[in-house]
Amino acid sequence: MDACITPLPEVASANEVAGGELMKFPERLFAIPPRVAKELVPGVTVESYQEDNKLWKKHVDAYKRIIRLFGTTRYRNVMDMNAGLGGFAAALESPRSWVMNVVPTIAQNTLGVIYERGLIGIYHDWCEGFSTYPRTYDLIHASGMFSLYQNTCELEDILLEMDRILRPEGTVIFRDGVDILNRVRKVTRGMRWETKIMDHEDGPLVPEKILIAVKQYWVGSSGNSTSAVE
């Protein structure tokens, strides 16, 4: 089990707090986590951490323009499938929403940073089923997920698991390369999800795109859906 445990940083004396002093919530959401300040996460510096926060603030602002009810009680239970440093959940900063930050097992280990920000998180291999009840989540965020797993497991298997844990009329935000999103869109149409693809917030020349999908509520006949992309 050692590989599944995120160890606390070492301390110099019994009086020192492991990892360093932490601010109270919500200030700690954007404070520099001790692991980052001490350069304990490979490739993550104070500067890159702050840039990541700015980037996710911009992304979340774009989501709020696209999805009118984003950040409201319509989307209370939220999942970030590829959480990174937890920037999406921190930028959302909504008391009406709760975010489960998932760190894929094939991605960099950033779970300690997520915890130090006062957020909740878990490791998971998306080639396997996620341990939760069906229809748990109102909104799922998947940024770079399918680029990460494209040579590891089948895209369709991940999408079917997303369908299982997403409630009817729930929303998924995909952010990835346009070729991958076109493949995702083809499969989700077969799952009777309503989809809409749009340009990156920096313009149409950016190869990364956004795909908004809404899981339809249907009972086997046409004309009985009650949702649409806001």
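Start with the salt bridges: there are 9 in this protein. The model is predicted. Its average pLDDT is 89, and 85% of the residues score at least 70.

**Select Asp61 and Lys57.** Their side chains form a salt bridge, 3.0 Å from N to O. Both sit in helix H2, residues 46-66. They are 4 residues apart, so about one helical turn separates them. Asp61 is partly exposed, at 28% relative accessibility. Lys57 is partly exposed too, at 45%.

**Stay on helix H2 and pick Lys58.** What does Lys58 meet in a salt bridge? The partner is Asp202, at 2.9 Å from N to O. This pair links distant parts of the chain, 144 residues apart. Asp202 lies in the loop between strand S6 (193-199) and strand S7 (208-215). Asp202 is partly exposed, with a relative accessible area of 48%. Lys58 is partly exposed at 33%.

**Move to strands S6 and S7.** Select Asp199 in strand S6 and Lys209 in strand S7, 10 residues apart. Their side chains meet in a salt bridge of 3.0 Å, N to O. Lys209 has 10% relative accessibility; buried means under 20%, so Lys209 counts as buried.

**Finish with a network.** Select Arg175, Glu201 and Glu208 together. Salt bridges with shared partners join these three residues into one network.

Terms used
Residues numbered from 1 in each chain as written. Predicted model: local features only at pLDDT ≥ 70, side-chain atom pairs only at ≥ 80, totals over all residues. Heavy atoms only, no water. pLDDT = per-residue confidence, 0-100. Salt bridge = Lys/Arg side-chain N within 4 Å of Asp/Glu carboxyl O. Helix = DSSP H or I, 4+ residues; strand = E, 2+ residues; numbered from the N terminus. Buried < 20%, exposed > 50% of the residue type's maximum accessible area, 1.4 Å probe, protein only.
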